[in-house]
Amino acid sequence: VKQNIDDPEGKALFLAIASAPVKEGEGGSSIEFLVKKTDSNAWITDAADGTAVAISQVLGGGFPIAEEVDGFKYDFPCQNALLFANGSGIAPIRAAIESGLLNIGKPGDGGRTARLYFGCSTPADMPYISKFKEWEAIGVEVVPVISQPENSQGEWTGRTGYVQSCLEEDGVAIPRNTGALLCGVKGMAESVTDVLTKAGVFEGRVLTNF
């Protein structure tokens with residue numbers, strides 16, 4: 001995304017799409033992005049409704065769910081989905097959850113189990129808190145993880161530390177029947193991948209969106 005496509009000096013923002021694809025036959029053509037406000041991107045975070053910006057074609061292949069998670073490519077069906085994000089990395093994870101492509105279902109209703117580990121510095125830095133109940137209603141267990149509870153307003157009683165440390169504490173119940181989606185900082189993604197593969201999750205089922 002750029003403010004002006006004809007400005008060679010203009011800096012581009014690389015953003016993951018946060019909204020699920022529109023289903024075939026349904027109307028609507030809007031796309032949602034999650035933008036962390038900084039001193040250098042006020043041109044978009046403070047833009048008035050109707051402001052025109054330049055957007056490139058979609059880059060990257062997204063999460064290869066159909067190729068790596070569905071079917072019996074690894075001999076064992078994927079019955080459990082583990083989702084990992086920190087900060088604005090929640091954007092494509094939200095899109096995956098709400099797309100329905102993960103086939104998530106509540107226990108007893110069929111579909112996959114799903115657990116989301118979502119890390120941020122404080123609750124105030126955590127996007128989409130208002131969506132947690134909606135995601136839980138379709139079968140996603142949401143595990144918010146706060147790394148700076150001492151800087152939180154009010155007492156934080158949830159998980160603390162980092163996404164990867166919480167995964168290590170919880171373990172992976174049935175690795176050969178588990179797949180994972182990751183988006184976030186490099187250190188988190190590498191650590192989570194290491195924990196998952198050492199536990200026995202097929203490396204091909206640990207998916208990133210780039």
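Guide: Strand E1 (residues 80-86) and strand E5 (residues 178-183) run parallel and are joined by 6 bridges. Strands here are DSSP runs of E with at least two residues, and helices are runs of H or I with at least four, numbered from the N terminus. This is a predicted model, in which local features need pLDDT of at least 70 and side-chain atom pairs count only at pLDDT 80 or more, while totals for chains, interfaces and linings use all residues. Residues are numbered from 1 along each chain as its sequence is written, and side-chain values use heavy atoms, with hydrogens and water left out.

Visitor: Which residue stands opposite Leu181 in E5?

Guide: That is Leu83.

Visitor: In what order do the 6 strands of the open sheet lie?

Guide: The order is E4-E3-E2-E1-E5-E6, with parallel pairing. Two strands pair if DSSP finds at least two bridges between them. Strand E4 (159-160) and strand E6 (206-208) are the edge strands, each pairing on one side only.

Visitor: Turning to cysteines, how many disulfides does the structure hold?

Guide: The structure holds 0 disulfides, a disulfide being a pair of cysteine sulfur atoms within 2.5 Å.

Visitor: Is Cys166 buried or exposed?

Guide: Cys166 counts as buried, because its relative accessibility is 0%. Buried means under 20% relative accessible area, exposed over 50%, and partly exposed in between (1.4 Å probe, protein chains only). Cys120, at 9%, also counts as buried.

Visitor: What about pockets: how much space lies in the largest pocket?

Guide: The largest pocket holds about 1300 Å³. On a 1 Å grid over the protein atoms alone, a pocket is an open set of points where a 1.4 Å probe fits, with protein on both sides within 12 Å along at least five of seven lines; lining residues have an atom within 4 Å of a point. The volume is the space filled by probe spheres set on the points, which are joined across faces, edges and corners.

Visitor: Which residues lie nearest the centre of the largest pocket?

Guide: Leu15, Ala16, Ile17, Leu59 and Asn209 do, among 47 lining residues. The largest share of the lining, 5 residues, comes from H3.
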